[in-house]
Amino acid sequence: MNITRFISRRYLFSRKHVSLISVLTSISIAGITLGTALLIIILSVFNGFFDVIRGFLLSFDPDIRIEMNEANSMTFDPALINRIQDHPEVVQVAPYVEGKAMLISKGNQNDVVIVRGIERSSHIRISDLEQSVQSGVFDLSVQNGRPGLVISNTFSNQYGLGAGDEIVLLSAAGMRRAITQFSAPRVSRFQVRGSYNIQQIIDDDIAYINLEAAQRLFNMQNEITGLDLQLTDTDRAGQVKEELQQLLGPDYRLQSWYDLQKPLYDVMYLEKWGSYLILMIIVLVAALNIVGSLTMIVIQKKKDIGVLISMGMTSKKIKQIFISQGIQIGIIGCGIGGVLGVFTAWLQQEYGLVKLTSSFIIDAYPVSIQPLDIVLVVGGSLILCLAASWYPATRAAAVEPADAVRGE
């Protein structure tokens, strides 16, 4: 056994008598255990909420969105779509047209809505939309001279719209033309085919119509607003975005799912790592106890330290003894706290022990355990323990053997 580890363990965990030093050591271990466990649990809960929020947002957002940098629309180019689909990570490319329009329903009720024109065969979230239809069907085809329209359940309830009702859509550009040119605005009539209900974080209610009908509504002819991409792995969207940006050039603006909701995701990351720094204060307090307990050992065992130095032990070895004591306290605390934190988070993940209110979108606190978080928590705690042992170790290494032996 290494002599420095043997001596450090002997003085740190001696059971001959209970002293203030052993009490402080126990408090240090308990503090590090508590801080480590809480950090792992809290970070896992933040990860769980992040995954839940991202899941809801990805019900509407693509993995990558492609638009033009200097224009509101782009030419519908099948050759461009084929180039993008040649990328091995790209599963689906879906053109879309999007804009705001005035919706006029029965009784002349009107409101501004976001209208999105899609190709039903290529839309990347079509399965989610079809499964979320609560009344009617997800049908955008032309029937009896009227193209189909599917609206949100919230909008349907607000204006009393149901399957078979006819509504009028008037684009913002059409209204502007009517006002400036003193002409009658061109209106487009649609038939409501169904309403959908998808849990969502943002309040934008989207009305879906066929891509060609949207091009006529917004007078875009052979143009589209952009392209939505679905990838084999959503988490690789950032890397694929960079590769496609090099392929397409600077005229195109590419946004990953993170970029589309960047303010919200940034706030969630800020809250997570802010909580990490705040909770590390618990570990810091425990580390300060390490400073106190090891400094008291230096004072109490000053004579023994002098004897060791006089017998030929170098100052470097003396320093290593006290650093080893700090590391051992950290390893014990981090080990117990890490196991306790991971086990508690696993119980919540598997069994949902801590419930949320019934009005929330999920029934229990979500948890996602990430190995990187565990490494950061345990590593950060051990670094604090190592730093806390540095001052007592330096003080012990500076003991003069002659003074120590004389008891001065």
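A crossing of two helices is left-handed if the near helix is turned anticlockwise from the far one by less than a right angle, and right-handed if clockwise. Keep that handy for the helix stops. This is a predicted model, so local features need pLDDT of at least 70 and side-chain atom pairs count only at pLDDT 80 or more, while totals for chains, interfaces and linings use all residues. Residues are numbered from 1 along each chain as its sequence is written, and side-chain values use heavy atoms, with hydrogens and water left out.

**The whole protein**

Start with a cartoon view. There are 15 helices and 13 strands; these are DSSP runs (helices H or I, at least four residues; strands E, at least two), numbered from the N terminus. Of the 408 residues, 46% count as buried, where buried means under 20% relative accessible area, exposed over 50%, and partly exposed in between (1.4 Å probe, protein chains only). Among contacts between residues at least 6 apart in sequence, 79% join residues at least 24 apart; contact means heavy atoms within 4.5 Å.

**Helix H13 and its partners**

Select helix H13 (residues 371–388) and helix H12 (residues 315–351). Two packed helices are described by the angle between their axes and the distance between the axes. Here the axes come within 8 Å and cross at roughly 155 degrees; axes are lines fitted to C-alpha atoms, for helices over the stretch in contact, and angles run from 0 to 180 degrees between N-to-C directions. H12 and H13 are therefore roughly antiparallel (under 35 degrees counts as roughly parallel, over 145 as roughly antiparallel, 65 to 115 as roughly perpendicular and the rest as oblique). Their crossing is right-handed.

Now show side chains. On the H12 side, look for Ile323, Gly326, Ile327, Gly330, Ile331, Cys334 and Val342, which meet Ile374, Val378, Ser381, Leu382, Cys385 and Leu386 of H13. By class, this contact has ten nonpolar, three polar and no charged residues. For these classes, Ala, Val, Leu, Ile, Met, Phe, Trp, Tyr, Cys and Pro count as nonpolar, Asp, Glu, Lys and Arg as charged, and the others, Gly among them, as polar.

The contact of H10 with H13 divides into 13 nonpolar, two polar and two charged residues.

Then move on to helix H14 (residues 390–397), which packs with H13 at an angle of about 30 degrees, the axes being 4 Å apart. Leu386, Ala387 and Ala388 of H13 make the contact with Trp390, Tyr391 and Pro392 of H14. In this contact there are six nonpolar, no polar and no charged residues.

**The cores**

Select Ile64, Ile66, Ile84, Leu149, Leu169, Leu227 and Leu229: they have the most contacts inside the largest nonpolar core, which has 49 residues. A nonpolar core is a set of buried Ala, Val, Leu, Ile, Met, Phe, Trp, Tyr and Cys residues joined through side-chain atoms within 4.5 Å. Strand E3 (residues 90–104) gives the most to this core, with five residues. Apart from it lies another core, of 30 residues, including Ile40, Ile309, Ile329 and Cys385.

Centre on leucine 227. Leaving aside neighbours within four places in sequence, its contacts include Ile64, Ile66, Met74, Val93 and Tyr96.

Valine 90 is in strand E3 and counts as buried because its relative accessibility is 8%. Among the residues valine 90 touches are Ile84, Leu229 and Leu244. Draw a C-alpha to C-alpha distance to valine 240, 150 residues away in sequence, and you get 8.6 Å.

**Last stops**

Serine 135 sits in strand E5 (residues 133–136) and is partly exposed, at 33% relative accessibility. Beyond residues up to four places away, serine 135 touches Arg193, Gly194 and Ser195.

Most residues other than glycine have a negative phi. Asparagine 219, though, has a positive phi of about 55 degrees, and glutamine 221 in that loop has one near 50 degrees. Asparagine 219 is partly exposed at 43% relative accessibility, whereas glutamine 221 is exposed at 66%.
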